[in-house]
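Below is a short report on one structure. Keep the coordinates open while reading.

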Amino acid sequence: MKKVVALIMASVFAFSLAGCKKSDDKKETKAESKTESKTESKAEEKKDGQLIKVGIINNDPNESGYRTANDADLQKMFTKENGYDASFSYSLKNEEQIQYAKTFIQNEVDYLLLSAADTAGWDSVLQDAKAAGVKVILFDRTIDADPSLYEASIVSDMNKEGETAVNWLAGQNLPEYNVIHIQGVMGSAAQQGRSGALDKKVAAEGNWKIVKQQTAEWNAEKAQQIVQSVIDSGEKFNVIYAENDDMAKGAVAALDAAGISHGVGKDVVVMGFDCNKWALEELLKKNWNYDGQCNPFQASYIDSIIKDIEAGKTPEKTIIMEEKGFDAATIKQEDVDNYGI
Amino acid sequence: MDKKKIEANKKGSGNAASLIKRITGNQLFIPIMAIVLLALINLIAGPSFFRVKLINNNDGNPQFSGSLITILDYGSELAILAIGMTLVTAASGGQDISVGATIAIAGSAMLRILCGSNQHPETLKAPIIVAFLVACLVGMLCGAFNGALVAIFKIQPMIATLIMFTAGRSIAAWINSNRLPIVPGKEFKYFGGVIPGIPIPTTVFIVIICIIAIALALKFTNLGLYTQAVGINEKSARLNGINPILIKFLAFVILGLCVAVAALIKVSRISSINYNVIAKDIEMDAILAVALGGNALSGGKFNMWASILGAYVIQFLTTTLYRFHIQSDALAAYKAVVVILLVLFSAPKVREVISGLIKKIFSGSKGNNGKKTLTALAAAGAAEGAGTDAFDEVSVSEDAVSTSEEESDSKKEEAVQ
């Protein structure tokens with residue numbers, strides 16, 4: 001029975017890879033790189049016209065709008081026109097990602113770009129990478145591993161995102177803070193950073209109280225049920241601190257059904273993260289109060305780091321991207337256009 | 001020999017015991033008991049659980065609000081899926097583990113029709129009914145795919161549906177080329193919310209329509225009979241002129257239709273979709289609902305109403321656990337406990353002990369007959385595990401009687417008949 005399962009899984013996996021557009025590109029690049037070197041090419045192709053081989057391990061682009069924007073940004077940057085031979089692989093599971101990393105190392109990529117699903121468990125595979133001469137660049141998410149194992153990490157400082165949001169909330173000077181805290185997938189860097197800041201504040205202040213702290217695993221429906229359960233219980237609350245936009249949306253759906261007003265100057269303060277375009281539009285309509293940015297546009301940072309390394313320079317170990325927090329009272333249409341994902 | 005003993009037993013222990021046995025033997029007993037138990041727990045923790053208020057929602061429409069309404073509302077998808085899952089289980093003796101993924105596919109197809117290629121359209125691109133019909137078609141196609149693998153190619157249902165389970169969410173994302181569209185307007189929200197002027201959640205009406213539809217189908221067609229016949233013994237069903245391939249295929253297609261209806265509710269709740277997390281793990285809940293209804297997961301006889309009740313038991317449990325501030329990532333563990341209890345409860349060994357206990361109680365209360373006293377002693381001996389050799393022998397035969405009585409409606413006996 002196990003063999004049958006394995007066989008099916010393998011064939012499905014192979015099928016999905018075959019269907020992947022990028023592997024087609026890979027075949028094409030070999031054929032086209034010759035012709036391209038003859039004609040004018042805008043890419044600065046290093047090593048005498050050879051493409052830089054990168055293996056990119058990302059989370060599933062369907063996970064959220066953030067990830068979709070992140071993946072689209074990477075796909076746009078790592079093309080043969082820009083001098084890269086890129087392979088993409090996606091998983092939300094750490095073990096699968098580690099398997100992909102091993103495959104990429106075997107395929108002798110020059111760079112391994114990694115957005116880890118989980119912070120733990122990466123030491124041994126990164127040591128393998130180092131031994132094989134594969135340079136590792138972390139993007140979007142940090143991992144618990146020795147910094148010597150990777151060249152650089154381009155990250156959002158999730159702690160800072162959380163702090164920015166909590167400071168904004170503190171600045172609202174509410175008489176008391178009864179918070180429904182809807183968490184992301186437990187253990188992810190985004191959850192830890194965004195929860196950490198709030199937990200610290202609640203522990204420090206007397207008039208801050210957590211009414212409910214639950215993980216909705218980035219899932220709008222679960223968030224809706226969690227908020228509904230608080231409404232049913234009749235407990236008082238005046239802040240919804242959701243760790244991403246989807247969950248904030250689910251929470252707001254529950255508020256709407258219960259006839260509880262929310263937004264600027266209303267009963268409940270709604271906070272979200274990630275700056276989806278539709279979420280910022282909610283801010284513009286003053287239905288929500290705050291949205292914290294989590295910058296998904298890392299490709300240009302990665303590109304410049306790779307160029308630095310190729311030129312023999314040593315990049316900075318940790319590069320923290322600039323990130324904003326938007327307030328419904330001050331947000332403008334151009335913010336939605338510029339920062340919405 | 002057994003039959004004589006049954007008769008003797010019936011005469012001996014009187015009507016009360018047989019009544020109790022009839023009640024506990026009924027498939028609806030376990031889910032109803034579970035609901036009563038959960039209601040009691042909530043009552044003890046505070047009667048506010050049962051309060052239902054009429055409020056105005058933010059669109060200005062009246063709406064009932066309260067935990068009981070929440071259970072009815074959020075249990076809807078599961079109840080609808082339980083209908084299809086029961087048929088699939090009964091016909092094929094296996095389960096469809098791809099319903100969550102196919103909800104993503106059907107929901108994605110619906111949004112593709114409603115929003116066109118635009119991520120945030122200003123108005124609906126097509127009437128909702130068209131989008132829903134397309135979703136039904138897509139759901140039934142997915143069901144047909146699974147059904148064909150199971151019925152024609154004779155692949156184990158769980159293995160066959162593993163394909164859709166693995167690939168489904170990627171297909172869903174592909175349908176909308178990875179975009180996450182948002183449906184404009186208030187009309188689409190009615191299906192997962194309330195229709196203006198009607199304070200009861202629309203989902204309740206959708207479930208009622210589904211229940212009426214399946215009730216009519218079971219009453220006026222041979223669907224139920226044929227499904228059970230195929231599940232009990234495929235060969236003899238074929239010899240009796242039933243086409244097992246068609247019946248199994250049909251079960252999966254009906255489940256596909258249920259999936260499309262569930263997808264409508266799910267997508268309507270938030271007017272959007274997230275391919276990766278929509279209806280996550282709902283397949284396990286749907287299977288659990290069938291099991292909670294006391295239906296054999298190996299196929300054969302089934303009780304549709306018990307499955308539907310089972311679905312609401314699960315939602316009741318979820319709502320209760322949320323009320324007690326239990327971490328939502330621990331919900332699965334609590335459901336696992338329920339499964340373990342169910343399995344234990346249906347195990348022959350445990351049933352022996354329980355039926356022994358029941359007998360002890362009833363024989364004890366009306367012990368005015370010599371023969372009965374012996375039975376009582378034997379039963380007591382069996383329950384306490386401290387009988388003498390002679391009593392043990394009696395108790396063994398007693399147990400044999402009770403087991404055969406309880407299994408009189410089991411599929412093995414039917415197959416023999």
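This is a predicted model: local features need pLDDT of at least 70, side-chain atom pairs count only at pLDDT 80 or more; totals for chains, interfaces and linings use all residues.

Helix H13 of chain B is mostly covered: 18 of its 20 residues are buried. H13(B) runs over residues 304-323, and at 1.5 Å a residue its 20 residues should span 28 Å; the end C-alpha atoms lie 29 Å apart, so the two values agree. Just after H13(B), B:His325 adopts a positive phi of about 60°.

**The sheet in chain A**

In what order do the 6 strands of the open sheet in chain A run? The order is S7-S6-S8-S9-S10-S12, and the pairing is mixed. Strands S7 and S12 of chain A form the edges, each pairing on one side only. On average, neighbouring strands of this sheet are turned by 15° against each other, direction ignored.

Strands of a sheet pair through backbone hydrogen bonds, either parallel or antiparallel.

Helix H11 of chain A, residues 277-284, packs on the sheet. H11(A) touches S9, S10 and S12 of chain A, and its direction makes about 150° with that of S10(A).

| Strand (chain A) | Residues |
|---|---|
| S7 | 208-215 |
| S9 | 269-273 |
| S10 | 290-292 |
| S12 | 325-327 |

**The contact between chains**

The contact takes 42 residues from chain A and 39 residues from chain B. On the chain A side, the elements giving two or more residues are helices H1 (2-19), H4 (65-77), H9 (220-233) and H10 (245-258), together with strand S7. Edge strand S7(A) is thus also one of the elements on the side that touches chain B. Which element gives the largest share of that side? H9(A) does, with 11 residues. By class, the chain A side holds 16 nonpolar, 16 polar and 10 charged residues.

**The domains of chain A**

The contact between them takes 9 residues from domain 1 and 10 residues from domain 2. On the domain 1 side, the residues divide into 2 nonpolar, 5 polar and 2 charged.

Definitions and conventions: Residues are numbered from 1 along each chain as its sequence is written. Chains are lettered from A and ligands numbered from 1 in the order in which they are written. Two strands pair if DSSP finds at least two bridges between them. Helices (H or I, at least four residues) and strands (E, at least two) are DSSP runs, numbered from the N terminus. Axes are lines fitted to C-alpha atoms, for helices over the stretch in contact, and angles run from 0 to 180 degrees between N-to-C directions. Two residues are in contact if their C-beta atoms, placed from the backbone, lie within 7 Å. Ala, Val, Leu, Ile, Met, Phe, Trp, Tyr, Cys and Pro count as nonpolar, Asp, Glu, Lys and Arg as charged, and the others, Gly among them, as polar. The expected span of a helix is 1.5 Å times one less than its number of residues. A residue is buried if 20 or more other C-beta atoms lie within 10 Å of its own, exposed if 12 or fewer, and partly exposed in between; C-beta atoms are placed from the backbone.
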